[in-house]
Amino acid sequence: MVIETRNLYHVYPGNVQALQDVNIKINVGEFTAIVGQNGSGKTTLALHLNGLLKPTKGDVFIKGKNTRNSDVEELSKVVGYVYQNPNHQLFNLTVKQELAFSLKRLLSKEETEKRLKETVELFGIQDILDSNPFSLSLPVKKIVAMAAIHAMRPEIFVLDEPTTGQDFVGMKLIEKAILNVSREGKTIIVITHDMGFVARHAKRVIVMAEGKVIGDDEPKKIFDLSNNGAKRVIREARINPPHTSLLSYALRFDYNLQNFPTDIITPTQFADVVSSNKLRGW
Ligand SMILES: Nc1ncnc2c1ncn2[C@@H]1O[C@H](COP(=O)(O)OP(=O)(O)OP(=O)(O)O)[C@@H](O)[C@H]1O
Ligand SMILES: [Mg+2]
């Protein structure tokens, strides 16, 4: 287990109860999505994982160590947090300086150059190294923000709404970058409102509402609308389920295709069912 929160509470000034009794455990290499309505506490939870916020009550353990006893710099080498808004993260004059900023303090010149080269290749940003990060489009800015964090090689990668506000091409670029990082075996946590992304990639979904975790399961269970418990969680967290889940549910219950499975969540899975022998006799 690399992350554990125990009875975690966070109260912001003004008595805003942002997290209430959050208990989660995340294993090495898991790809987890955190979803839930606006203001449900997702970003607050993420900020506890790299020590930018400390619990009001309860504890957070990263690789067994309590974040109360670690400073942000030490934690940021293990947990990389990519901000919801890249403008809050980027501050250097060129992309290259942005990538090298933290490395220079930790590594020799040769090692920094080697690390930069690997990072640039992984994220495909060779052509913009001399650009000013602020002149880039939003998706490319987000990729630079991800690359700058990845350059530090954190074992845990936390991405706060990476695909929000992107057009289709931008979204696919970012999706590809995240998958490349995931293939390296890193523990990935993605906060998102994009349920298509969750259905395609997450192995686990943590659902939040009003500062509490109200669901924690595999995506196909979270999105199975034939299950009343799952339906309640989806309603409470104001989630827009993947289109495939809605379509499967409609076929089963509105069109009375009684054997149609409701735990399929991607178009590919849908196509597999439709083209399989199961359709015979309908
Ligand atoms: N710095 C702050 N001071 C006071 N209240 C805050 C602060 N940051 C967040 N909050 C409040 O804490 C609650 C949780 O906010 P948080 O940003 O964690 O939600 P979120 O799930 O990330 O929302 P979104 O989907 O809109 O990004 C909200 O009620 C929010 O208004
Ligand atoms: Mg947020």
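Tutor: Before we start: helices here are DSSP runs of H or I with at least four residues, strands are E runs of at least two, and both are numbered from the N terminus. And keep in mind that this is a predicted model.

Student: Okay, let's take H11. Which residue follows H11, and what is its phi?

Tutor: That's Asn256, with a positive phi near 55°.

Student: Which residues of H11 are buried?

Tutor: Buried means under 20% relative accessible area. In H11 those are Thr244, Ser245, Ser248, Ala250 and Leu251, and helix H12 (267–275) is among what covers them.

Student: Now strands. How do strands of a sheet pair?

Tutor: Through backbone hydrogen bonds, either parallel or antiparallel. Here, E1 (residues 3–12) and E2 (residues 16–26) run antiparallel, joined by seven bridges. Their hairpin has three residues between the strands, and Gly14 takes a positive phi near 95° there. E1 also pairs with E4 (residues 57–62), again antiparallel, over five bridges. Look at Ile3: it stands opposite Ile26 in E2 and has Ile62 as its bridge partner in E4.

Student: What is the strand order in the open sheet of six strands?

Tutor: E6-E7-E8-E3-E9-E10, with mixed pairing. E6 (79–82) and E10 (212–217) are the edges, each pairing on one side only. Inside the sheet, E3 (residues 31–36) and E9 (residues 204–209) run parallel over five bridges, with Ala33 partnered by Val205.

Note on methods:
Residues are numbered from 1 along each chain as its sequence is written. Chains are lettered from A and ligands numbered from 1 in the order in which they are written. This is a predicted model: local features need pLDDT of at least 70, side-chain atom pairs count only at pLDDT 80 or more; totals for chains, interfaces and linings use all residues. Side-chain values use heavy atoms; hydrogens and water are left out. Two strands pair if DSSP finds at least two bridges between them. Buried means under 20% relative accessible area, exposed over 50%, partly exposed in between (1.4 Å probe, protein chains only). Contact means heavy atoms within 4.5 Å.
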